[in-house]
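Biologist: I'm new to this one and I'd like to learn how to read it. Could you walk me through it, feature by feature?

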Amino acid sequence: MTMRCGIWCRLSALAAAALLAGCDGGSGQPRAEGAWVRLPAVAGRPAAAYVTLRGGREAVKLKTMQVPAARRVELHRSMSDGGMMSMTPIDRIDVPAGGTVSLEPGGMHAMLFDLDPALKAGGTTRMTLMFDRAPAIELEATLVAPGGAKPE
Ligand SMILES: [Cu+2]
């Protein structure tokens, strides 16, 4: 009796573990986390959005982001040119299979133009990440004050 229960319990644990694995990386799709938006110091200037992308089973490309609170979104890459920081639009961000790509200050980011001026630090705004060969990912980005750092 004790033994039968023991086996049953172990089988249940295995089934639960399999289910958990299925919920996480098992889908094979890319994931996104830690999205945040740094609000502009001057109203009317663009804001910058950052997020961490985790590659799934296959390499995909982030093609664009949709942010309902902004009129236009561009993917950018920051570059240091003779000590001067500049940035240039890019048409995609490669997310390698199983790899991590961080959009962060000084690197790749999304530029949000004509952001709703009613947005305030401490709030959130919705963004949708659009890939070439993966389902879109929708997530909430934390709004950070101008010059502020990535939220914990
Ligand atoms: Cu930019």
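This is a predicted model: local features need pLDDT of at least 70, side-chain atom pairs count only at pLDDT 80 or more; totals for chains, interfaces and linings use all residues.

Biologist: Which parts of the chain does the pair His76 and Met111 link?

Modeller: Distant ones: His76 sits in strand β4 (residues 72-81) and Met111 in strand β8 (residues 108-113), 35 residues apart.

Biologist: Which protein atoms are the donors of the copper ion?

Modeller: They are ND1 of His76, SD of Met87, NE2 of His109 and SD of Met111, at 2.1 to 2.2 Å from the ion.

Biologist: And how do I read the geometry of the site?

Modeller: Start from the ideal: four tetrahedral donors would have angles of 109.5 degrees. Here the angles among the 4 donor atoms run from 97 to 121°, and the site is tetrahedral.

Biologist: Is His76 buried or exposed?

Modeller: Buried means under 20% relative accessible area. His76 has 5% relative accessibility, so it counts as buried. Met111 is buried too, because its relative accessible area is 7%.

Biologist: Let's move to the strands. Which strands pair with β3?

Modeller: Strand β3 (residues 60-66) pairs with strand β6 (residues 93-95) in the antiparallel sense, over 3 bridges. β3 also pairs with strand β9 (residues 124-131), again antiparallel, over 4 bridges.

Biologist: What stands opposite Leu62?

Modeller: Leu62 faces Ile93 in β6, and it also stands opposite Phe131 in β9.

Biologist: How should I think about side chains along a strand?

Modeller: In a regular strand they alternate between the two faces of the sheet.

Biologist: On to the core, then. Which residues touch the most other members of the largest nonpolar core?

Modeller: Leu53, Met127 and Leu129 do, out of 34 residues in that core. The elements giving it two or more residues are β1 (31-38), β2 (47-54), β3, β4, β6, β8, β9 and β10 (137-144). There is also a second, separate core of 6 residues, which includes Trp36, Ala48, Tyr50 and Met111.

Biologist: What is Leu53 in contact with?

Modeller: Leaving aside neighbours within four places in sequence, its contacts include Leu62, Ile93, Val101, Leu129 and Phe131.

Biologist: Where does Val101 lie?

Modeller: In strand β7 (residues 100-102). Val101 counts as buried because its relative accessible area is 9%. Not counting residues up to four places away in sequence, Val101 touches Val51, Thr52, Leu53 and Met108, among others. For a sense of the fold, Val101 and Gly55 are 46 residues apart in sequence but 8.0 Å apart in space, C-alpha to C-alpha.

Conventions. Residues are numbered from 1 along each chain as its sequence is written. Side-chain values use heavy atoms; hydrogens and water are left out. Donors are N, O and S atoms within 2.8 Å of the metal (3.2 Å for Na, K and Ca); water is not among the atoms, so sites may look incomplete. Four donors count as tetrahedral if all angles lie between 85 and 135 degrees; four count as square planar and six as octahedral if opposite donors are over 155 degrees apart and all others between 65 and 115; anything else is irregular. Buried means under 20% relative accessible area, exposed over 50%, partly exposed in between (1.4 Å probe, protein chains only). Two strands pair if DSSP finds at least two bridges between them. A nonpolar core is a set of buried Ala, Val, Leu, Ile, Met, Phe, Trp, Tyr and Cys residues joined through side-chain atoms within 4.5 Å. Contact means heavy atoms within 4.5 Å.
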